[in-house]
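Hi,

Here is the structure I promised to send over. Have a look at it first, and my notes follow below.

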Amino acid sequence: MSDHEQQAPGRGKVLEALAKAERKVFTRPAPKSAKAQMKFLLTRAKGSTKAVADRLGVSRRTVERYRAGKLTTPQKRLQAALVEETESEWQPQVRAQARAQAATSRGMMVEVTAYFGFTCTGSSDDGRERQITTDISPTYVKQILELQEAGATEEDLHPIVAEAITESYFTEWGTLADGLRADFTAVSSISFRF
């Protein structure tokens, strides 16, 4: 697993999965070399070496050296930060279009392996780890993406993602198990597709 595929520090699995889903809609690859990434970030920061240095946690001189090509091989921490920051800024219109389509018409696919527990009158289905792949309706996608944009934490997103999975997978869009509520914990893996 490469550095940019590993979970970013401070991010939970749901937030990281949403970020990865956005990266998959890119129509062109993001810059790969440290020099190209630095130049791109400087362009986005309107040439401010201070802003880029603060964002990456390095000195202004380090930013200038990478931009000039004097340094070419960043350490792992800086390489991961360069990839993360570059990809978070790359192709904003393409990302916005994919998010808008998912939130209004297409929805999104989720694949999750987690421990699911249930709340329902008369339910005999004990909680257990399950691997589930299902569609999420545009209504829930819109709520999830709005929470993400508002800076929601992993704990804020779990209930809405669980509700979306409950609706599509466990109750089959409201046709089964009226009143069923599923919560998930101990997420082993999760991925989204726009």
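Let me start with Val 94, which touches Val 25, Phe 26 and Thr 27, where touching or contact means heavy atoms within 4.5 Å and residues up to four places away in sequence are not counted. Val 94 is found in helix α6. Between Val 94 and Val 25 there are 69 residues in sequence, but their C-alpha atoms are 7.1 Å apart in space.

Before the rest, some housekeeping. This is a predicted model, in which local features need pLDDT of at least 70, side-chain atom pairs count only at pLDDT 80 or more, and totals for chains, interfaces and linings use all residues. Residues are numbered from 1 along each chain as its sequence is written, and side-chain values use heavy atoms, with hydrogens and water left out.

On confidence: pLDDT is the predictor's confidence in each residue, from 0 to 100. The protein averages 87, and 88% of the residues score at least 70. The stretch to treat separately is residues 1-10, where pLDDT stays under 50 and the model has 14 contacts beyond four places in sequence.

The overall picture

There are eight helices and three strands, taken as DSSP runs numbered from the N terminus (helices are H or I, at least four residues; strands are E, at least two). Along the sequence they come in the order α-α-α-α-α-α-β-β-α-α-β. Of the 194 residues, 42% are buried; buried means under 20% relative accessible area, exposed means over 50%, and partly exposed is in between (1.4 Å probe, protein chains only). The protein exposes about 10,700 Å², with carbon and sulfur atoms supplying 49% of it; accessible areas come from the Shrake-Rupley method with a 1.4 Å probe, and for residues only the protein chains shown count as cover. If you take the contacts between residues at least 6 apart in sequence, 65% of them join residues at least 24 apart.

Around α2

Helix α2 covers residues 34-44, and its buried residues are Ala 34, Gln 37, Met 38, Phe 40, Leu 41 and Leu 42. As a reminder, an α-helix has 3.6 residues a turn, so residues three or four places apart point the same way. What covers the buried residues of α2 includes α3 (49-56), α4 (60-68) and α5 (76-89).

From α4, Arg 67 is in contact with Lys 35, Met 38, Lys 39, Leu 42 and Thr 49, leaving aside neighbours within four places in sequence. The C-alpha atoms of Arg 67 and Met 38 are separated by 5.8 Å, although the two are 29 residues apart along the chain. Arg 67 counts as partly exposed, at 34% relative accessibility.

The loop between α4 and α5 holds both Thr 72 and Pro 74. Is each of them buried or exposed? Thr 72 is exposed, with a relative accessible area of 58%, while Pro 74 is buried at 13%. Ser 33 sits 7.7 Å from Thr 72, C-alpha to C-alpha, and 9.7 Å from Pro 74.

Two positive phi angles

Lys 46, in the loop between α2 and α3, has a positive phi of about 55 degrees although it is not a glycine. Gln 91, in the loop between α5 and α6 (92-106), is another non-glycine with positive phi, near 45 degrees. Lys 46 counts as exposed at 80% relative accessibility, whereas Gln 91 is buried at 10%.

How α1 meets α7

Helix α1 (residues 13-23) and helix α7 (residues 138-149) pack at about 105 degrees with their axes 12 Å apart. Axes are lines fitted to C-alpha atoms, for helices over the stretch in contact, and angles run from 0 to 180 degrees between N-to-C directions. That makes the two helices roughly perpendicular (65 to 115 degrees; under 35 is roughly parallel, over 145 roughly antiparallel, and the rest oblique). Leu 15, Leu 18, Ala 19 and Glu 22 of α1 meet Ile 144, Leu 145 and Gln 148 of α7. These residues divide into five nonpolar, one polar and one charged (nonpolar: Ala, Val, Leu, Ile, Met, Phe, Trp, Tyr, Cys and Pro; charged: Asp, Glu, Lys and Arg; polar: the others, Gly among them).

Cheers
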